Amino acid sequence: MSLTLLQVIAGGLLLGAVYALFSSGLTLVWGMMNIVNFAHGDFVMLGMYVAFVVYTLFGAGPWLGAPLAVLVLATLGVVVYFGLIRGIMKGPMLAQILGTFGLALLLRYSVFWWFGANFLSLPENLVGGTFDFLGLRIQASRLLAGTVALLVTLGLHFLLTRTSLGSKMLAVAEDSTAAQLMGIRPDTMQAIAWAIAAGATGLAGALIATFFYIVPTVGETLAIVAFVTVSLGGFGSVPGALVAGLLIGVIESLSAYLIGAVYKDMVVYTLFLGFLWFRPQGLMGKT
Amino acid sequence: MKFKRILGLLCAASIFLVATGSAWSQEKTVKIGAVFPLSGNAATAGAHTKAAIEVAMDIINNAHPEFGNFPLAKNAGLAGLGGAKVEVVFGDNQGSPATGQNQTLRLITEDKVVAITGAYQSGVTLTASAVAEKYGIPFVNGESVAANLTERGFKWFFRVTPIASDIARIYYEFLTDMKASGVKTDSIAIIHDTTEYGVSVANVVTSAFKEKGQPIALDIPYAINATDVQGQVLQLKEKKPDVAIMIAYTPDAILYQKTMQALDYKPPMIIADDSGYSDPSFIKAVGKISQGVFNRSSWSVGPAGSPTALIAEMYKKKTGDDMDDTTGRAMQAFFVLCDAIDRAGSTDPAKIQAALRATDLKPDQLMMGYKGVKFDEKGQNILASGLIIQLQDGESYVAVWPKAGAAKTPILPYKGW
């Protein structure tokens, strides 16, 4: 196998890990309350802007930007839950779709109004630049994002399956009336779920900002990938999103290199549709 | 009874006042529509163009004797229409051909504009100008380069910018000159998106080079707004072309430069085709890792006190950014349109169309470095031309070719970072 091909695969895996990272929040919200958050891409975008503001004000990299982005986005998550989601969850499906879509536009154009339309970027060497590893070029910023993606996925999985908080959240997701009878407050649990999901998304944004451009509409570009990742992995499954993210990353990179960049989406979506034909619940989704 | 009559009189009087009032104000302002991507992924280009048009309105609507013989600057308003002010109604095409069409329709039917300028992306200009054609409203474009726009037999479409075939000629002549000075230019790769603009420029450049006996060695098309371009860059890295021609809008342009740096790939020569690589926010974001990129341009600031320097100064004061080629070409089109309306001495679209056809502007009446503005029967400016600029220091482009207009000599190979 040629070195270039190895480079393509390594790049694909790192890209896939990043896809997984910004998809975990989306899948969590779906798993917890059957809501598709159309503002998800714009949460990522906000995380990126937090990282950018932290860099401009303090000259600090993601070690400060990422925790702050988690904090800001988690707070926003709670506010959005109480201000919007709790209300529209009682409404019809269409209200949920339009509600979160409206939120997406509000966030996007607020940032647009405040920061302007200009493309922004963090310096290339903010996270250790690029290094050679066995002849492969590895970008430290992507490696960091990939590692964090793994940790976040494992952490969320652990939280949901091994802790009492996770059990309570799952109980609410399963049957909120029954959970309430057991003394669990559905409101609190769902607000926590939103805080965690939005926080993870903010973290993703802050890390992606170290190697991607920052612009108010960047959420549009990223959200499509997030939706594909989540539905391939199985809506609601955090490990599923990781596996799906890695798969999509590698398939995209390989097809862009071997067949041609213009066909890579075609390859990914054909495989995606073919897969859903046989397994509509996704890789690890519940039937 | 008496009360009713007084009321009736009052009503009649107010209707009369409103009617004459609006007629009076119609005489005093000329409404022009401007369809640009004010939101969406090309919003940075749209915002810059909007600012440039507002600067142009300032120049036209107020007296600016310091501009000398520059058309429309000396006195306030359009002299041909008794000093009428120009008013611009903006429409946001969001970078989408469908929205561009709807916004043009709105400007024509709701806002009753007398002419339209726009719409940045060739794909959007294609649909927007078709609406104007249907309604018989002049559409003046300053920045879309896809060749087919002026091949549709339209009667109301006028284009001021150099187009794909002019660009191909500039590239070919530049590379021939470079080759003569000992630079290797044998294998050329074209990397382009699959939009109207990307495909058109790539096709025209490819066939123009082929005609001259130099086939393009590598053609890499890709879908716009990519999340990742490693595959493309690795393909280039493996095939090692001497020259890489990049045809990309801003987001992809930034991603290409970032990825080239990450994968430690420097083509010996990069020629960028304007658009993304001319965006001031591109230079701010990745200029420092793109040192030595060549680009085409028709804009140059010129000596202090010249109209171009004054425009550059007003624009910088308004936006904080330097004037770039794409924005300048759009602004030039707006001046050409206003000049035609001024000469038409009327807001009748047919008279404006006739005035546009009769346009004959000389280089010293232009802000862009064209040889003039004169439209052929297809509506294309036959005197449009351009030069090659280079991002030598990573901060601002300087003219490097042809020698006559060059401020510096080209630096090779591509330095990158």
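First, the ground rules. This is a predicted model, where local features need pLDDT of at least 70, side-chain atom pairs count only at pLDDT 80 or more, and totals for chains, interfaces and linings use all residues. Residues are numbered from 1 along each chain as its sequence is written, while chains are lettered from A and ligands numbered from 1 in the order in which they are written.

Now the domains. Domain 1 of chain B spans 9-162 + 302-365, and domain 2 spans 165-297 + 387-405. These bounds come from an automatic or database domain assignment. Their C-alpha centres lie 31 Å apart. The contact (C-beta atoms, placed from the backbone, within 7 Å) takes 18 residues from domain 1 of chain B and 21 residues from domain 2 of chain B.

Which helix of chain B gives the largest share of the domain 1 side? Helix 4 does, with three residues. Helices here are DSSP runs (H or I, at least four residues), numbered from the N terminus.

So let's look at helix 4 of chain B. Helix 4 packs with helix 6 (residues 196-211) of chain B at an angle of about 110 degrees, their axes 6 Å apart. Axes are lines fitted to C-alpha atoms over the stretch in contact, and angles run from 0 to 180 degrees between N-to-C directions. That makes the two helices roughly perpendicular, a label for angles of 65 to 115 degrees.

Who touches whom? Ser122(B), Gly123(B) and Leu126(B) in helix 4 meet Glu196(B), Tyr197(B) and Ser200(B) in helix 6.

Conventions
Contact = placed C-beta atoms within 7 Å. Parallel < 35°, antiparallel > 145°, perpendicular 65-115°, else oblique.
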